[in-house]
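My entries follow the sequence and model shown here.

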Amino acid sequence: MTVGEGYDVTDAVQERLRRWRLVLGGGPADGTGCALSGRDTAMDAALAALYGKGDKPPTGRTGRDRSAGLGGSAPSVARWLGDIRTYFPSSVVQVMQRDAIDRLGLATLLLEPEMLEAVEADVHLVGTLLSLNKAMPETTKETARAVVRKVVEDLEKRLATRTRATLTGALDRSARVSRPRHHDIDWNRTISANLKNYLPEYRTVVPERLIGYGRASQSVKKEVVLCVDQSGSMAASVVYASVFGAVLASMRSVSTRLVVFDTAVVDLTDQLDDPVDVLFGTQLGGGTDINRALAYCQSRITRPAETVVVLISDLYEGGIRDEMLKRVAAMKASGVQFVTLLALSDEGAPAYDREHAAALAALGAPAFACTPDLFPEVMAAAIEKRPLPIPDAG
């Protein structure tokens, strides 16, 4: 048999052994003698957690000879769900999720109140519930909504007051006027702008130019577009973005739009009065088409100079990369303040596309991870068109 040019028989054999090793799960009986490393090791661990053999299932049930290493921990399950979306196509992920509900008793975790009470209801748990949303029986969804609502309400209590206060101040400052009434004068900025007019003999500053805050107005001053990647790895970011979206939507002086995307784009703006509805309107998982999402957002911008677009994504683009970058450049050229967040969570930056991050930075839109506590400051800086408070990467 003639082997085609460039065809390596050894590589083909190794690839076949690798695949068999992943199927058989290792151990002395697998017969492959193939060692795994890197990404393959992580894939094997994800498979073993669901299909690996053990003494008994972690739920304490009998009648099955396979178990997983996830136990009843919601954060562990959430991490595992994120892992399988990283390593397997969506069609396989759907099968594995259904198997996980059956094999690991996740339906019990979601259905039984005492099980839910035993697990701390946090963002990880919400991510788990949302990831399993499409596979849930109807009887489970009400329980899931109650848990999600509790977490969302707790987050709103923690974040809403500071967000409103910070952004209200930024909006007032961004609307400052040059001929203010006496009680609208911003004395700190006025003095700073007139220091050159200091008269030593009188020990005073002569304010040739007054700077003041704009008077409170019921009209919309700024437009904010939150464009959120809903791929599985972004679960925590989706939760926080939904909460912040609801908080921003409650402010009269801000017009807020919330857009979520994978390969499709969904505008959830009309549901912003209830972030729980927003969350259950998302569909974690699937591919990613950032360019398509930004095209939709761009089409909805009517006042570029008064608009802040916040892209929250790990930047793994499945769409047209060059078009995505051209779109960002066009928005910035029109006056849009563009912010790129690799994550909006307390967990730091996830794995992300460094090439795309560098390309965005070159356009003046540096990409960085942002904690929920820092987010109000980031938005305030964007509204006032000043440098963003980017965390030290070190």
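Is Arg158 buried, partly exposed or exposed? I looked up its relative accessibility in this predicted model, and at 37% Arg158 counts as partly exposed.

Next I looked for the partner of Arg158, and I found that its side chain meets that of Asp373 in a salt bridge, at 3.3 Å from N to O. This pair links distant parts of the chain, since Arg158 lies in helix 8 (residues 138-174) and Asp373 in the loop between strand 8 (367-370) and helix 15 (375-384), 215 residues apart. Asp373 also counts as partly exposed, at 39% relative accessibility.

I then turned to Glu223 and Arg303, whose side chains meet in a salt bridge at 3.3 Å, N to O. Glu223 belongs to strand 3 (residues 222-229), while Arg303 is in the loop between helix 12 (290-299) and strand 6 (307-312), 80 residues apart. I noted that Glu223 counts as buried because its relative accessibility is 15%, under the 20% cut-off, whereas Arg303, at 30%, is partly exposed.

Asp267 sits in strand 5 (residues 265-267) and Arg257 in strand 4 (residues 254-261), 10 residues apart. Asp267 is partly exposed with a relative accessible area of 22%, and Arg257 is partly exposed at 24%.

Finally, I checked for shared partners and found that salt bridges join Arg158, Asp346 and Asp373 into one network. My search of the whole structure gave 13 salt bridges.

Definitions and conventions: Residues are numbered from 1 along each chain as its sequence is written. This is a predicted model: local features need pLDDT of at least 70, side-chain atom pairs count only at pLDDT 80 or more; totals for chains, interfaces and linings use all residues. Side-chain values use heavy atoms; hydrogens and water are left out. A salt bridge is a side-chain nitrogen of Lys or Arg within 4 Å of a carboxyl oxygen of Asp or Glu. Helices (H or I, at least four residues) and strands (E, at least two) are DSSP runs, numbered from the N terminus. Buried means under 20% relative accessible area, exposed over 50%, partly exposed in between (1.4 Å probe, protein chains only).
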